[in-house]
Amino acid sequence: MKQEKLLHCLRSVQDLDYRQMMVRLVPNIDPETILGVRTPELRTIAGQLEDRELFCRTLPHRYFEENQLHSLILSQERDFEPAVSKVEDFLPFVDNWATCDQLRPRVFARKPSQLLSHIHRWLVSPHPYTIRFAVEMLMCHYLDDAFDPDYPALVAGVHHSDYYVKMMVAWYFSTALAKQYDAVIPYITEKRLETWEHNKAIQKAVESRRIPQERKELLKKYRI
């Protein structure tokens with residue numbers, strides 16, 4: 001599917017009400033780059049792309065939806081090494097939380113030991129959405145059977161002023177409190193996180209349905 005045809009296809013399923021919502025939800029990018037195409041429609045279009053490799057090599061993309069398509073395509077990659085390579089080519093061009101969070105390569109879940117060295121590199125990137133992606137991968141793949149008590153320390157060691165990095169750190173710890181409470185609660189009781197992340201992690205944990213009420217009451221006492 002050539003660029004002109006792709007844009008025509010995207011505009012043909014444009015939802016202006018949805019566009020208005022996305023402009024509000026992703027305020028840090030140019031609203032003119034948001035067409036307003038819902039994810040189910042994007043999945044359909046991703047399946048119709050004739051040359052995915054060429055599309056993914058053509059960077060940077062102009063429109064938000066093209067970045068979303070790129071994330072969806074990489075999420076379907078079946079082989080680990082090509083997936084890592086393509087993700088690393090794309091990450092420097094990720095410029096918003098929605099595209100970052102859409103990027104969930106399924107093959108990564110099957111290779112946690114191999115993925116970890118890449119996460120370590122991503123965590124020290126100067127690019128905020130590469131850092132956010134690294135923390136997201138730790139949250140998605142290392143809070144269950146692959147959990148290690150050293151991993152929360154990696155996330156607590158992330159110090160970045162970007163709002164969307166800070167939010168992901170808080171999201172990680174609120175999820176970790178639901179899944180690995182005993183290992184993670186000292187980060188709250190001993191106030192090991194920066195104040196904003198600390199309070200936001202507590203807020204999100206208190207809002208979670210996965211955390212028992214008695215633990216929520218305890219967490220509330222540690223708000224700063």
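This is a predicted model: local features need pLDDT of at least 70, side-chain atom pairs count only at pLDDT 80 or more; totals for chains, interfaces and linings use all residues.
Biologist: Why is the pair formed by Trp122 and Phe133 called tilted?

Modeller: A search of the whole structure finds nine aromatic pairs, and Trp122 with Phe133 is one where the ring centres lie 5.3 Å apart and the planes stand at 55°.

Biologist: Why are Tyr163 and Trp196 called edge-to-face?

Modeller: The ring centres of Tyr163 and Trp196 are 5.6 Å apart, which is within the 6.5 Å limit for a pair, and the planes meet at 70°, which is over 60, so the pair is edge-to-face. Tyr163 belongs to helix 11 and Trp196 to helix 13 (residues 195–207), so this pair ties together parts that are 33 residues apart in sequence.

Biologist: How do you know whether Tyr163 and Trp196 are buried, exposed or partly exposed?

Modeller: Buried means under 20% relative accessible area and exposed means over 50%, with partly exposed in between. Tyr163 has a relative accessible area of 43%, so Tyr163 is partly exposed; Trp196, at 32% relative accessibility, also counts as partly exposed.

Biologist: Why does Thr130 count as buried?

Modeller: Thr130 has a relative accessibility of 6%, which is under the 20% limit, and therefore counts as buried. Thr130 lies in helix 9 and, not counting residues up to four places away in sequence, touches Leu91, Trp122 and Ser125.

Biologist: What makes Ala205 a buried residue, and which residues is Ala205 in contact with?

Modeller: The relative accessibility of Ala205 is 0%, which is under 20%, so Ala205 counts as buried. Ala205 is found in helix 13, and, leaving aside its neighbours within four places in sequence, Ala205 is in contact with Ser174, Leu177, Ile211, Lys216 and Leu219. The C-alpha atoms of Ala205 and Ser174 are separated by 4.7 Å, although these residues are 31 residues apart along the chain.

Biologist: Why is Glu53 called partly exposed?

Modeller: Glu53 has a relative accessible area of 40%, which falls between the limits of 20% and 50%, so Glu53 is partly exposed. The place of Glu53 is in helix 4, and its C-alpha atom is separated by 31 Å from that of Gln20, a residue 33 residues apart from Glu53 along the chain.

Biologist: How do you know that Arg192 lies over the face of Tyr187?

Modeller: Arg192 is 4.5 Å from the ring centre of Tyr187, and the distance limit for a charge over a ring is 6 Å. Arg62 likewise lies over the face of Tyr63, at 5.3 Å from the ring centre.

Biologist: What makes the backbone at Lys191 worth a remark?

Modeller: Phi of Lys191 is near 50°, a positive value in a residue other than glycine. Lys191 lies in the loop between helix 12 (181–189) and helix 13, and its relative accessible area of 44% is between 20% and 50%, so Lys191 is partly exposed.

Biologist: What makes up the lining of the largest cavity?

Modeller: The search of the whole structure finds one cavity of 30 Å³ or more, and about 30 Å³ of space lies in the largest cavity. Its lining consists of Ala156, Val158, His159, Val169, Leu193, Glu194 and Glu197, which divide into four nonpolar, one polar and two charged residues.

Key:
Residues are numbered from 1 along each chain as its sequence is written. Side-chain values use heavy atoms; hydrogens and water are left out. On a 1 Å grid over the protein atoms alone, a cavity is a set of points where a 1.4 Å probe fits but cannot get out, and a pocket is an open set with protein on both sides within 12 Å along at least five of seven lines; lining residues have an atom within 4 Å of a point. Grid points are joined across faces, edges and corners, and a volume is the space filled by probe spheres set on the points. Ala, Val, Leu, Ile, Met, Phe, Trp, Tyr, Cys and Pro count as nonpolar, Asp, Glu, Lys and Arg as charged, and the others, Gly among them, as polar. Rings of Phe, Tyr and Trp (its six-membered ring) pair if their centres lie within 6.5 Å; planes under 30 degrees apart count as stacked, over 60 as edge-to-face and the rest as tilted. Helices (H or I, at least four residues) and strands (E, at least two) are DSSP runs, numbered from the N terminus. Buried means under 20% relative accessible area, exposed over 50%, partly exposed in between (1.4 Å probe, protein chains only). A charge sits over a ring if NZ of Lys or CZ of Arg is within 6 Å of the ring centre and within 35 degrees of the ring normal. Contact means heavy atoms within 4.5 Å.
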